[in-house]
Amino acid sequence: MTLQQFGWCDRFAQAFNAIAPAGFAVGRVLVEQRQRYQLWTENGEVAAVVSGKFRHEATQASDFPAVGDWVVIQPEVVPALIQAVLPRASQFARKVAGSQTAAQVIAANIDTVFIVCGLDGDFNLRRIERYLTLIWQSGANPVILLNKIDVCDRLELKLAAVEAIAFGVPVIGLSALQNQGLEALNPFLLPGKTIALIGSSGVGKSTLTNQLLGHTAQATQAVRLDDSRGRHTTTQRQIWQLPSGALLIDTPGLREVQLWSTADSVQETFADIEAIAADCHFRDCHHQQEPGCAVQQALAAGTLEQHRLASYQKLQREQAYLAQRQDQHNSKARWKQIHKAMRQHPKRQ
Ligand SMILES: Nc1nc2c(ncn2[C@@H]2O[C@H](COP(=O)(O)OP(=O)(O)OP(=O)(O)O)[C@@H](O)[C@H]2O)c(=O)[nH]1
Ligand SMILES: [Zn+2]
């Protein structure tokens with residue numbers, strides 16, 4: 001297989017040429033488990049670990065390679081040594097346990113994320129908004145799949161309700177179980193494009209994954225991971241190649257991904273409220289009791305729904321909290337630096 005078939009493109013080639021010394025190669029992380037990696041390379045699958053220098057220079061969990069990453073390797077050693085991670089086109093992160101703001105990357109370089117919703121019990125517009133926010137923030141493109149059209153009446157109403165909050169994001173009705181409507185996914189399943197599925201339990205992600213995979217042999221393949229001391233473990237494959245040539249990332253971490261949003265992504269998801277709020281009398285209007293609040297006027301006029309404003313405000317609160325934590329973290333780090341500098345230059349006035 002060629003690198004292009006794994007998703008290699010100009011942006012990665014440029015980054016690679018800028019940093020990699022002669023004799024180095026690239027690979028794409030196919031499996032990650034406790035900092036052991038299986039990579040796709042031009043010469044087949046290889047096991048890899050990060051180099052000592054990499055580990056030494058890494059300052060945060062998100063510096064480490066994740067599934068989907070392109071990495072620079074020194075190929076002649078076994079396991080191959082990862083020297084660098086190429087800048088990510090997109091990334092999904094989760095909070096590191098025990099820390100409010102440090103992030104660990106769980107998947108990288110995804111082009112399109114399918115938000116899978118079930119048209120039975122699961123149908124929930126507020127949840128879709130949260131997923132949209134998350135995906136905009138990741139750098140990937142969202143597509144909303146309304147699954148189980150076979151058990152849904154009034155599909156048009158539901159499609160319209162989702163389209164009203166989706167602002168141009170494609171909304172596709174299908175039945176994974178009955179293999180109905182899946183051809184609408186073809187434009188997103190082009191060779192070398194990387195996709196992922198997220199959505200709550202029971203919406204049909206596994207059913208859809210199986211349909212997309214068809215009867216490919218890799219479905220049952222486990223991957224063997226060796227570390228530098230020759231110990232090995234087997235684990236599940238985390239990227240699949242679909243018959244169309246697209247690549248599907250499926251990891252437990254991604255399935256359980258939680259909200260980790262930024263101001264920009266909230267603004268994109270709630271473009272309607274942002275547009276209304278531009279007419280508020282006060283620039284820093286909180287849209288509560290302020291005079292001249294265009295948002296309150298829209299609520300009164302019925303052009304904006306109360307629960308949509310509520311989800312917007314909830315996301316804003318989460319963000320303010322995260323931003324504050326990040327500030328505290330940064331100022332602590334600054335103090336540490338200053339103290340260190342003072343210890344190193346005790347006589348300086
Ligand atoms: N009627 C109908 N049922 C479906 C459809 N797709 C999936 N299901 C059913 O929904 C149930 C859950 O499907 P799964 O594919 O396991 O859902 P999942 O999202 O992978 O769930 P988790 O593994 O818990 O995350 C199963 O009983 C499926 O047969 C569909 O298009 N129509
Ligand atoms: Zn206002």
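Two strands pair if DSSP finds at least two bridges between them. Keep that rule in mind as we walk through this predicted model.

Start with strand β8, residues 112-118. One of its neighbours is strand β9, which covers residues 141-147. The two run parallel and share seven bridges. Take valine 116 as an example: its bridge partner in β9 is leucine 145.

β8 also pairs with strand β11, residues 194-198. This pairing is parallel too, with four bridges. Here phenylalanine 114 of β8 stands opposite leucine 197 of β11.

Follow the side chains next. Thr112, Phe114, Val116 and Gly118 point one way from the strand. Val113, Ile115 and Cys117 point the other way. Residues of both groups are buried.

Next, turn to a pair of helices. Helix α3 spans residues 125-138, and helix α4 spans residues 155-166. Their axes come within 10 Å and cross at roughly 35 degrees. The crossing of α3 past α4 is right-handed.

Which residues make the contact? From α3 come Leu125, Ile128 and Glu129. From α4 come Ala161, Val162 and Ile165. Of the residues in this contact between α3 and α4, five are nonpolar, one is charged and none is polar.

Definitions and conventions: Residues are numbered from 1 along each chain as its sequence is written. Chains are lettered from A and ligands numbered from 1 in the order in which they are written. This is a predicted model: local features need pLDDT of at least 70, side-chain atom pairs count only at pLDDT 80 or more; totals for chains, interfaces and linings use all residues. Axes are lines fitted to C-alpha atoms, for helices over the stretch in contact, and angles run from 0 to 180 degrees between N-to-C directions. A crossing is left-handed if the near helix is turned anticlockwise from the far one by less than a right angle, and right-handed if clockwise. Two residues are in contact if their C-beta atoms, placed from the backbone, lie within 7 Å. Ala, Val, Leu, Ile, Met, Phe, Trp, Tyr, Cys and Pro count as nonpolar, Asp, Glu, Lys and Arg as charged, and the others, Gly among them, as polar. A residue is buried if 20 or more other C-beta atoms lie within 10 Å of its own, exposed if 12 or fewer, and partly exposed in between; C-beta atoms are placed from the backbone.
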